[in-house]
Amino acid sequence: MSRRTRSLQFAAAAAGTVLLATGCNAAAKNTDASDAGTAAGKDATSFTLVTPDPVGQNQFLKLAVDGVKTAAKTHSGTQKVYQSSDTASQQQNVQAAVDASPNVIVLVGFEFADLVAQQAEAHPKQQFLMIDACTAKPFKNVTCAVFREQEGVYLAGAEAGLLSKSGKVGAVDVLDTPQFRRYSDPFAAGAKEVAPKVSASTRFVGGQSPFDDSARAKEQANSLLAKGTDQIMAAAAAGNYGVFEAAKAKGAFAYGVDVNQCPSAPGTVVDNVIKKTDVAVAEGIEQVLGGKGGETVSYGLKEGGISLTGLEDGVESSQCVIADHKDVLKKVEALRDRIVAGKLTVDDPAAK
């Protein structure tokens with residue numbers, strides 16, 4: 001599940017749905033622990049990152065690594081990365097991180113919520129930073145960074161409304177819960193903001209493996225396409241690739257999540273709702289070192305934690321369809337500025 005969408009996995013846990021993926025009876029091990037830094041010696045500031053999956057080509061996790069490297073460079077310290085491969089190695093890596101007693105232990109994903117709660121209580125002097133998740137109850141030594149995904153999804157929806165020729169947009173979502181609807185309801189709202197007459201529909205993957213079922217995701221996408229939908233928000237985790245395949249076959253368009261997914265389907269993926277894990281990690285570490293740990297910080301458009309590929313530097317080389325629609329981007333930028341200024345609030349389905 002290295003390609004899975006981290007935010008969608010966390011949403012499942014928040015919604016009370018336990019859908020953990022583990023390795024095939026793989027032995028627990030600390031995989032690819034790496035050190036880097038400009039300062040040596042036990043007095044150097046040190047940071048440890050624990051990932052739930054191998055980093056590999058997972059751009060979301062790569063950004064987290066970048067955030068830790070930035071912190072190490074800023075503080076002339078050292079950084080270590082423990083890459084997990086299954087539940088057993090996640091547990092082992094967290095224990096190894098705690099045993100090393102770094103200044104801050106950074107963990108990405110809901111998988112670590114219970115482990116961090118246990119360790120935070122047992123080691124009150126150890127500082128933890130959780131990204132895209134948090135413990136069920138607060139701890140003075142646990143800082144959390146979460147994201148307002150709905151703001152980026154709203155902007156993607158605006159792009160869809162402006163680009164749709166059929167007047168029909170839709171979303172393929174993992175499950176029908178308030179948390180997951182952060183990736184579909186705001187998409188419809190954004191489209192209707194710029195094109196009031198547009199209609200919107202949502203289909204859900206469901207099934208036994210909603211995060212990894214490209215076939216079911218493709219099937220749901222095809223059901224939307226059959227009714228004339230020409231712009232689809234893909235929020236099906238690893239199943240996004242099935243959505244992209246369906247859209248490409250029908251000459252329709254899709255939108256990715258978390259990172260730039262345009263290279264996986266050039267000419268089909270319009271844009272992506274991206275989550276800047278590197279920003280959350282780097283700023284979270286500064287928050288902890290500044291004595292403001294134990295709080296939860298929400299990252300959205302204003303904080304620079306949520307954006308669209310189309311609104312970032314380098315969009316021309318992103319392989320995203322939106323690069324060819326500068327007029328649309330100007331209108332979306334105006335919407336973004338309204339949200340950042342507090343003049344427009346995007347409803348959060350999970351808060352209802």
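I worked on a predicted model, in which local features need pLDDT of at least 70, side-chain atom pairs count only at pLDDT 80 or more, and totals for chains, interfaces and linings use all residues. Residues are numbered from 1 along each chain as its sequence is written, and side-chain values use heavy atoms, with hydrogens and water left out.

Entry one, helix pair. I looked up helix H5 (residues 149-163) and helix H6 (residues 185-194), which pack with axes 6 Å apart at an angle of about 45 degrees. Helices here are DSSP runs of H or I with at least four residues, and strands are E runs of at least two, numbered from the N terminus. Axes are lines fitted to C-alpha atoms over the stretch in contact, and angles run from 0 to 180 degrees between N-to-C directions. H5 and H6 are therefore oblique to each other (under 35 degrees is roughly parallel, over 145 roughly antiparallel, 65 to 115 roughly perpendicular, the rest oblique).

Entry two, threonine 143. I found threonine 143 in strand E6 (residues 142-147). Threonine 143 counts as buried because its relative accessibility is 0% (buried is under 20% relative accessible area, exposed over 50%, partly exposed in between, with a 1.4 Å probe and protein chains only). A polar atom of the threonine 143 side chain lies 2.9 Å from the backbone nitrogen of glycine 294.

I listed its buried residues as Ala113, Leu115, Val116, Ala117, Gln119 and Ala120. These pack against helix H3 (87-100), strand E4 (104-108), strand E5 (127-131) and E6.

Methods: Polar contact = N/O pair within 3.5 Å; in protein donor to acceptor, adjacent residues only side chain to side chain. Contact = heavy atoms within 4.5 Å.
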